Amino acid sequence: MRKLFQYTLLILSLALAASHSHADSKINDRAALGDLKVGKAVFLIDIADAKKMNFYLEVIQGTFKGMQAQGVTPDFVMVYIGPSVQYLSTSPKAEIADRHGAVLMEIESNVEKLAALGIEQEICAVATDAFGIDNNTLLSDLNLVGDGFISLIGYQAQGYHLVPVY
């Protein structure tokens, strides 16, 4: 009787696993992606909250990998503007460091991971000036540009699609 129970449990487990796997395989972006070969996106990162910004840096990594898994080559650029720049310095202001210390280390790690994926990351000099960030202290994987809005206009003119992240 015990062997019958174990056998029944095994069959049910396998059936459940197979149906779960089948259900997951239906979750995709096929309708949106169609026959797209390369997905060109420019992400506008304008977030005042450090935890929220870190969350979206992780989401963008997942989006990159999700496109790859669905047979589309991601071609992503990220442009940091506004208050986001406060979290992208090796020497943040004391108030920022005190309030967000651990999250700042996570953000730095995620910026590195995004760079390792080959994602271009730009940071706006207008914003660094407005928020009093010394450009010599920017995270090393970031490329300083004169004006993030100009970058956004330029990338969109090159066929990149705007993804605003607020």
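## Report on the predicted fold and its side-chain pairs

Arg 99 and Glu 95 both lie in helix α4 (residues 94-116), 4 residues apart, and are therefore separated by about one helical turn. In this predicted model, the two side chains form a salt bridge in which the closest N and O atoms are 2.5 Å apart. Side chains of opposite charge can pair when their charged atoms come close. The structure holds 1 salt bridge. Both partners are exposed: Arg 99 has a relative accessible area of 54%, and Glu 95 has a relative accessibility of 51%.

**Overall architecture**

The protein chain contains 6 helices and 5 strands, arranged along the sequence in the pattern α-α-β-α-β-α-β-α-β-α-β. Of its 166 residues, 36% count as buried. Among the contacts with a separation of 6 or more, 74% come from residues 24 or more positions apart.

The strands make up an open sheet of 5 strands with parallel pairing, in the order β4-β3-β2-β1-β5. Its edge strands, β4 (143-145) and β5 (161-165), each pair on one side only. From one strand to the next, the twist averages 25°. Strand β1 (residues 38-45) runs parallel to β5, and 5 bridges join the two. Within β1, the residue Ala 41 stands opposite His 161 of β5. Helix α3 (residues 50-69) lies across β1, β2 (73-80) and β5, and runs at about 160° to β2.

**Aromatic pairs**

A pair of aromatic rings is described by the distance of the centres and the angle of the planes. The whole structure contains 4 aromatic pairs. One of them joins Phe 55 and Tyr 56, which are arranged edge-to-face with a centre-to-centre distance of 5.2 Å and 80° between the planes. Phe 64 and Phe 76 are also edge-to-face, because their ring centres are 5.6 Å apart and their planes stand at 85°. Phe 64 belongs to helix α3 and Phe 76 to strand β2, so this pair ties together parts that are 12 residues apart in sequence. Phe 64 and Phe 76 form one aromatic cluster together with Phe 43.

The relative accessible areas of the residues in these two pairs are as follows.

| Residue | Relative accessible area | Class |
|---|---|---|
| Phe 55 | 45% | partly exposed |
| Tyr 56 | 28% | partly exposed |
| Phe 64 | 5% | buried |
| Phe 76 | 4% | buried |

**Nonpolar core**

The largest nonpolar core has 41 residues, and those with the most contacts inside it are Ile 45, Met 53, Met 78, Tyr 80, Leu 88 and Ile 107. At least two residues of this core are supplied by each of β1, α3, β2, α4, β3 (120-124) and α6 (148-157).

Ile 45 may be considered in more detail. With neighbours within four places in sequence left aside, Ile 45 is in contact with Met 53, Ile 60, Met 78, Val 79, Tyr 80, Ile 81, Ser 84 and Val 165. Three of these partners, Met 53, Met 78 and Tyr 80, are themselves listed among the core residues with the most contacts. Met 53 and Ile 60 fall within the range of helix α3, as Met 78, Val 79 and Tyr 80 do within that of strand β2. Val 165 falls within edge strand β5.

Conventions
Residues numbered from 1 in each chain as written. Predicted model: local features only at pLDDT ≥ 70, side-chain atom pairs only at ≥ 80, totals over all residues. Heavy atoms only, no water. Pairing = 2+ DSSP bridges. Axes fitted to C-alpha atoms, helices over the stretch in contact; angles between N-to-C directions. Contact = heavy atoms within 4.5 Å. Salt bridge = Lys/Arg side-chain N within 4 Å of Asp/Glu carboxyl O. Buried < 20%, exposed > 50% of the residue type's maximum accessible area, 1.4 Å probe, protein only. Phe/Tyr/Trp six-rings, centres within 6.5 Å; stacked < 30°, edge-to-face > 60°. Core = buried A, V, L, I, M, F, W, Y, C linked by side-chain atoms within 4.5 Å.
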